[in-house]
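User: I would like a close look at a single part of this model. Please keep the answer connected and give the cut-offs for any terms used.

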Amino acid sequence: MIEQLAGYAAGLRYRDLPPEAVHECKRRLIDALGCLVGGFDAEPAVIARTLARRSRGNPPARILGTQEATSPELAAFANGTAMRYLDFNDAYFMKSSGHPSDTFAAILAAADAAGAGGNAVVTAAAAAYETYCGLSDVVEREQGWDHSVQAVMGSVIGAGQILGLDAGKMGNALALAIIPNMALEQTRTGELAMWKGVAGPNAARNGVFAADLARAGMTGPGQAIEGKWGLWHALGRFQWEPFGGRGRPFRITQTHIKCFPVVIHAQSPVTAALELHGKFDPAGLEAVEIVSYWVAGRYVDRKNPVWHPATRETADHSLPYCVIVALLDGEVTEESFSAKRIRDPRIAALLGKTTIREDTEFTRLHPQEWPCRIELTLRGGKKQAAEVRYFKGHARRPVSDAEIEAKFRSLTEHKLASKQADAILAKAWKLEKLKDIRELLKLFTFRAEKRTRNRRRRDK
């Protein structure tokens with residue numbers, strides 16, 4: 001199992017990628033970099049940079065936004081934490097789910113240290129996405145393991161590609177990533193802490209380190225997947241589905257780009273709620289019913305923190321909270337999750353009038369479709385309803401290149417001058433032509449660092 005994945009990843013070349021895969025890689029990189037700038041001032045990102053500044057690498061990699069040098073693995077951690085904070089980067093869901101763009105933190109840090117070209121970054125991203133999404137295709141969700149397991153495997157493959165690991169060393173790198181880094185799904189249970197958005201970046205950090213260890217000659221435990229206590233023991237037996245190439249689509253083309261900074265399961269509910277905004281008087285709203293697929297089962301317990309979130313991390317993972325905000329405001333943005341907004345008594349009152357139930361037909365259709373219906377009951381018994389099958393940004397309802405750029409600019413305008421954003425976008429759209437990725441990364445010098453915009457601790 002290790003040999004199969006390692007051989008594929010080590011052997012993948014830029015010439016193997018069709019134009020569609022190359023283009024989709026650039027779109028997702030632009031999206032991830034926009035998220036990085038948007039999350040730069042957040043408290044977890046500040047903490048991660050503080051730790052990264054303590055180290056110097058040989059060779060170094062930079063902390064994007066400051067251009068300070070650190071080790072490649074801590075650059076992956078710091079940059080990834082900013083990239084992940086808003087929960088706005090892309091997502092993938094088949095049997096299990098996650099955010100494959102978390103692997104860009106590892107790829108860019110390794111590429112920065114190595115001075116790798118843009119086509120190497122594209123190839124590494126394609127291999128990382130095949131790994132991350134390939135594991136999500138075959139491993140069932142909710143077994144107690146966090147999707148940062150996919151992230152560490154995708155990250156080590158991406159970093160290993162940049163470092164030019166052969167199949168043998170790539171296999172050792174995978175073992176060195178898997179065995180020490182089986183992360184628990186408790187990360188995303190109950191009242192969510194900062195770690196919810198840091199688990200993926202930590203996986204990127206560990207992926208870079210494992211790849212570097214293997215390059216130096218470190219060997220990893222044998223049979224890390226199929227051995228007695230290997231990955232099969234933790235996740236159940238699985239076999240890889242065919243990887244991208246030779247006429248098969250690359251999985252990077254099949255991930256979803258978020259239009260709202262909320263958990264993937266809230267994308268369709270928010271889309272439906274926005275269709276209803278402005279069509280009713282909030283003062284006359286008597287009941288809100290959200291009809292969804294199996295995810296509704298997570299909301300049976302009304303004592304669950306998702307019904308009364310206290311942190312940004314919990315609020316952006318709460319379907320009812322996100323729906324109520326969309327119904328009231330007609331938008332869901334970063335400001336929707338400020339400490340003041342989370343404590344808004346109007347939202348609390350409407351959450352008390354909200355229910356979520358599963359439609360078994362919706363469950364049957366998921367994840368090929370992402371159906372959701374929202375029905376409002378108004379004073380006097382009048383009803384308003386909206387239903388969606390695919391949220392905007394789904395691979396079957398994709399955003400345009402212009403919309404990708406608009407999202408990037410909206411996330412970065414507080415940090416980047418217009419001409420600076422123009423220069424970054426111009427480089428990113430020509431990624432495969434860059435001789436050295438540092439031509440792009442050196443443009444990420446931001447305006448003066450601010451105190452965190454998430455002031456929840458001082459606002460309590």
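Which residues form the covered face of β8, and which the uncovered one?

Analyst: The model is predicted, so local features need pLDDT of at least 70 and side-chain atom pairs count only at pLDDT 80 or more, while totals for chains, interfaces and linings use all residues. Residues are numbered from 1 along each chain as its sequence is written, and side-chain values use heavy atoms, with hydrogens and water left out.

The covered face of β8 consists of Gln384, Ala386 and Val388, and the uncovered face of Lys383, Ala385 and Glu387. In a regular strand, side chains alternate between the two faces of the sheet. Strands here are DSSP runs of E with at least two residues, and helices are runs of H or I with at least four; both are numbered from the N terminus.

β8 covers residues 383–388 and runs antiparallel to β7, to which six bridges join it. Two strands count as paired if DSSP finds at least two bridges between them. One of the bridge partners is Lys383 in β8, which pairs with Thr377. Four residues lie between the two strands of this hairpin, and there Gly380 takes a positive phi near 95 degrees.

β7 also pairs with β5 (residues 285–292), again through six bridges and in an antiparallel arrangement. Within that pairing, Val291 has Arg373 of β7 as its bridge partner. Five of the seven residues of β7 (residues 372–378) are buried, so the strand is largely enclosed by the rest of the structure. Buried means under 20% relative accessible area, exposed means over 50%, and partly exposed lies in between, using a 1.4 Å probe and protein chains only.

Helix α11 brings a further element to this region, as its buried residues pack against β7, β8 and α13 (319–329). A contact is a pair of heavy atoms within 4.5 Å. Eight of the 10 residues of α11 (residues 267–276) are buried, so this helix is largely enclosed by the rest of the structure. The buried residues are Gln267, Ser268, Pro269, Val270, Thr271, Ala272, Ala273 and Leu276. After α11 comes Gly278, with a positive phi near 85 degrees.

As for the setting, the protein chain has 20 helices and eight strands. Of its 460 residues, 61% are buried. Among contacts with a separation of 6 or more, 76% are between residues 24 or more positions apart. A compact globule of 460 residues would have a radius of gyration near 23 Å, and the chain has 22 Å, which agrees. That radius is taken over C-alpha atoms, and the globule rule is 2.2 Å times the number of residues to the power 0.38. Along the principal axes, the C-alpha atoms fill a box of roughly 70 × 50 × 40 Å. The accessible surface of the chain is about 17800 Å², with 52% belonging to carbon and sulfur atoms; areas come from the Shrake-Rupley method with a 1.4 Å probe, and for residues only the protein chains shown count as cover.
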